[in-house]
Amino acid sequence: MECSLAGRRALVTGAGSGIGRAIAMELAASGADVCVLDLDEAGLQETVVAIEKLGRLVVPLRHDTGCDSVIGAVRKVELTPGFGNIDLLVNNAGISPKVGGRKRMCWETPPDEWRKVVDVNLNGYFYLMSAVLPGMIERRKGAIVNISSMAAHRFSIVAGVHYCASKSAVVGLTRQVAGEVAPYGIRVNCISPGRIETGMAAEVGAAMNEEIRQATPIGRLGIPDDIAQTACFLLSENAGFITGQTLAVAGGRGL
Ligand SMILES: NC(=O)c1ccc[n+]([C@@H]2O[C@H](COP(=O)([O-])OP(=O)(O)OC[C@H]3O[C@@H](n4cnc5c(N)ncnc54)[C@H](O)[C@@H]3O)[C@@H](O)[C@H]2O)c1
């Protein structure tokens, strides 16, 4: 079934590269206008150009999702002439700090690195939902997708404790918010990607990614479009009876 988002207005965080850019482009290709949020100005600009080529309205927002001032910044976007109320949100911006391509062990992780990861990977998701939910509730319309990770569900050989803990918390956050907003006609779901070929995945090096590919029953690493198409489905009316769920998009990894 075709995924139509015609007439919808979406906000995608971490849209300056990788999975976030692919999601923003897929939503635009499905008919949505898109606000693209990222810290990286150059990456944002590339996404803007790509979406303009698809003929959709695109509004760039350069901001740190881990800082609660993002709530006010998003509310300002909703007042942008020609854009208006956001009815689709994808919380995707995330970080996974490494040293020389390797994770730090729990006992080696500095507290400020722990706080930074929790700020971006967890608190940011809460801030963004806090920004858009009052409007969605008022209009009785909206859908949200939170990007977690397979590291939320099983021991990770590549990601640190802050990453795994924050991604696990996103699964619980999704379930809780989904229950709270379902009576208002709003759905909230989560995607746990397996290894997806992006800048984040490249950091651990080719040998580690090959090891992960071999442990993936489908026999390949994922690509950003695998996640983008799933996000588009979950945001669309095709998924109108699905809420509070976490879907692994991981080529069978961890079966
Ligand atoms: N690539 C994978 O294998 C994989 C696997 C599981 C989950 N994920 C998750 O998917 C999401 C996207 O990952 P990716 O692989 O595309 O990573 P990426 O590093 O390619 O892209 C992340 C984007 O988020 C932006 N960003 C980072 N911190 C930000 C902040 N504080 N505020 C605003 N923007 C910020 C970056 O500038 C970048 O454009 C992340 O949440 C990641 O944890 C990725």
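## Sheet, helices and ligand shell

Four bridges tie strand 4 (residues 88-91) to strand 5 (residues 142-147), and the two run parallel. Here helices (H or I, at least four residues) and strands (E, at least two) are DSSP runs, numbered from the N terminus. This is a predicted model, so local features need pLDDT of at least 70 and side-chain atom pairs count only at pLDDT 80 or more, while totals for chains, interfaces and linings use all residues. Residue numbers start from 1 along each chain as its sequence is written.

**The sheet**

- Leucine 89 has isoleucine 144 of strand 5 as its bridge partner.
- Zooming out, the open sheet has seven strands in the order 3-2-1-4-5-6-7, with parallel pairing; strands pair if DSSP finds at least two bridges between them.
- Strand 3 (58-62) and strand 7 (246-249) are the edges, each pairing on one side only.
- From one strand to the next, the twist averages 15°.

**Helices on the sheet**

- Helix 5 packs on the sheet and touches strand 5, strand 6 (186-193) and strand 7, with its direction at about 165° to that of strand 6.
- Helix 8 (residues 224-235) also packs on the sheet, touching strand 4, strand 5, strand 6 and strand 7, and its direction makes about 165° with that of strand 6.
- For these angles, axes are lines fitted to C-alpha atoms (for helices, over the stretch in contact), and values run from 0 to 180 degrees between N-to-C directions.
- Contact between two residues means that their C-beta atoms, placed from the backbone, lie within 7 Å.

**Helix 4 with helix 5**

- Helix 4 (residues 111-139) and helix 5 (residues 161-181) pack at about 15°, with axes 9 Å apart.
- That makes helix 4 roughly parallel to helix 5; angles under 35 degrees count as roughly parallel, over 145 as roughly antiparallel, 65 to 115 as roughly perpendicular and the rest as oblique.
- Helix 4 passes helix 5 in a right-handed crossing, a crossing being right-handed if the near helix is turned clockwise from the far one by less than a right angle, and left-handed if anticlockwise.
- Helix 4 brings residues including Trp114, Tyr125, Phe126 and Met129, and they meet a helix 5 set with Tyr163, Leu173 and Val177 among its members.
- By class, this contact of helix 4 with helix 5 has 15 nonpolar, three polar and two charged residues; Ala, Val, Leu, Ile, Met, Phe, Trp, Tyr, Cys and Pro count as nonpolar, Asp, Glu, Lys and Arg as charged, and the others, Gly among them, as polar.

**Helix 1 and its partners**

- Helix 1 and helix 8 pack at about 45°, with their axes 8 Å apart, and are therefore oblique to each other.
- Their crossing is right-handed.
- Nine nonpolar, two polar and two charged residues make up the contact of helix 1 with helix 8.
- With helix 2 (residues 41-53), helix 1 packs at an angle of about 20°, the axes being 10 Å apart, which makes the two roughly parallel.
- Arg21, Ala24, Met25 and Ala28 of helix 1 make this contact with Thr47, Ala50 and Ile51 of helix 2.

**Around the ligand**

- The ligand is surrounded by 29 residues, and the closest are Gly14, Gly18, Gly94, Thr198 and Met200; a residue is near a molecule if its C-beta atom, placed from the backbone, lies within 6 Å of it.
- Helix 1 (18-29) and helix 6 (199-202) are the elements that give two or more residues to this shell.
- The shell divides into 10 nonpolar, 15 polar and four charged residues.
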